[in-house]
Amino acid sequence: MIDLSKRERAKSLWKFVGVILLAVSHGPLQALETVVVDFSRQGLDVFEEERFVGETHYQLIEESGVQILQATTSASASVLYREMDIDLEKTPFLNWSWRVSNVFSIEDQQQKRGDDFPARIYVVVKEGFFPWQTKALNYVWSNHAVSEQYWPNPFTAKAAMIPVRAGTTGLKQWHNERVNIVEDFYRIFGRRITEAHGVAIMSDSDNAGGAAEAFYGKLFFSD
């Protein structure tokens with residue numbers, strides 16, 4: 001484990017252990033069996049927020065008659081999270097929609113000083129009782145294209161960064177995503193899992209500075 005400062009340790013812990021199951025009604029995504037939480041019914045009060053540096057501003061707005069989540073970050077980092085057990089034998093796929101307004105001008109986003117992304121969603125898997133006994137798959141909108149399919153998070157080897165979108169291609173447009181949590185966890189950590197224990201959503205800009213805006217739509221697990 002890398003020797004981190006107290007602030008970095010706290011940030012690393014919550015950045016990859018804090019969990020949320022999140023969804024808003026947007027886009028045509030559908031599934032036969034789903035595990036979903038609907039913002040339009042529950043709002044943001046049911047979610048907890050952990051702040052690291054400053055505060056990313058999260059708010060519900062209406063677009064085309066449905067509620068979506070808007071995230072605005074400016075030299076800040078905070079995460080929305082909610083803990084929930086997910087049966088990956090029944091619903092192994094994570095689905096979501098997102099729209100990003102801009103990316104950061106970061107040369108090396110695989111280092112601590114560049115670990116900022118306009119949008120990220122990560123899934124946490126508990127492997128024991130203690131908070132550090134976890135691993136996380138962190139799906140990001142990469143600031144630029146990379147050759148790697150994933151890389152270890154610079155703050156903790158227990159989390160992997162997986163670029164789903166990259167750079168300016170597709171900015172300001174909605175995109176529907178679908179990933180297989182079981183297969184991704186196996187190829188990265190070498191173990192097949194049957195459960196996940198939550199999902200988090202985060203837009204952050206605390207390491208390199210800068211500002212970004214992202215929008216999150218429907219997010220759910222499906223078969």
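# Reading strands, salt bridges and a surface patch

Me: I am new to this structure. In β12, which residue is the bridge partner of Ile 121?

Reply: Ile 201 is the bridge partner of Ile 121 in β12. Keep in mind that this is a predicted model. As a general idea, strands of a sheet pair through backbone hydrogen bonds, in either a parallel or an antiparallel way. Here, β7 (117–126) and β12 (residues 195–204) pair in the antiparallel sense, over 5 bridges.

Me: Over how many bridges do β7 and β8 pair?

Reply: β7 and β8 are joined over 7 bridges, in the antiparallel sense. To follow them by eye, find Val 123, whose bridge partner in β8 is Leu 137, and then Val 124, which stands opposite Ala 136 of β8. In a regular strand, side chains alternate between the two faces of the sheet. As for cover, 9 of the 10 residues of β7 are buried.

Me: What is the order of the strands in the open sheet?

Reply: The open sheet has 7 strands with mixed pairing, in the order β2-β5-β12-β7-β8-β10-β9. Its edge strands are β2 (48–53) and β9 (151–152), each of which pairs on one side only. Helix α3 (residues 181–189) packs on this sheet, where α3 touches β7, β8 and β10 (159–166). The direction of α3 makes about 105° with that of β8.

Me: Now the charged pairs. How many salt bridges does a search of the whole structure find?

Reply: Side chains of opposite charge can pair when their charged atoms come close. The search finds 10 salt bridges. One of them joins Arg 99 and Glu 63 at 3.0 Å, N to O. Arg 99 lies in β6 (residues 93–100) and Glu 63 in β3 (residues 57–63), so this pair ties together parts that are 36 residues apart in sequence. Both Arg 99 and Glu 63 are buried.

Me: And which residue meets Arg 187 in a salt bridge?

Reply: Asp 184 does, at 3.0 Å, N to O. Asp 184 is buried, at 10% relative accessible area, whereas Arg 187 is partly exposed at 35%.

Me: Last one: is Phe 129 buried or exposed?

Reply: Since exposed means over 50% relative accessible area, Phe 129 counts as exposed because its value is 75%. Look for Phe 129 in the loop between β7 and β8 (134–142). Together with Phe 130 and Trp 132, Phe 129 forms a nonpolar surface patch with about 430 Å² of accessible area.

Terms used:
Residues are numbered from 1 along each chain as its sequence is written. This is a predicted model: local features need pLDDT of at least 70, side-chain atom pairs count only at pLDDT 80 or more; totals for chains, interfaces and linings use all residues. Side-chain values use heavy atoms; hydrogens and water are left out. Patches are made of residues with over 30% relative accessible area and no salt bridge: like charges are joined within 9 Å, nonpolar side chains (Val, Leu, Ile, Met, Phe, Trp, Tyr) within 5 Å. Accessible areas come from the Shrake-Rupley method with a 1.4 Å probe; for residues, only the protein chains shown count as cover. A salt bridge is a side-chain nitrogen of Lys or Arg within 4 Å of a carboxyl oxygen of Asp or Glu. Helices (H or I, at least four residues) and strands (E, at least two) are DSSP runs, numbered from the N terminus. Buried means under 20% relative accessible area, exposed over 50%, partly exposed in between (1.4 Å probe, protein chains only). Two strands pair if DSSP finds at least two bridges between them. Contact means heavy atoms within 4.5 Å. Axes are lines fitted to C-alpha atoms, for helices over the stretch in contact, and angles run from 0 to 180 degrees between N-to-C directions.
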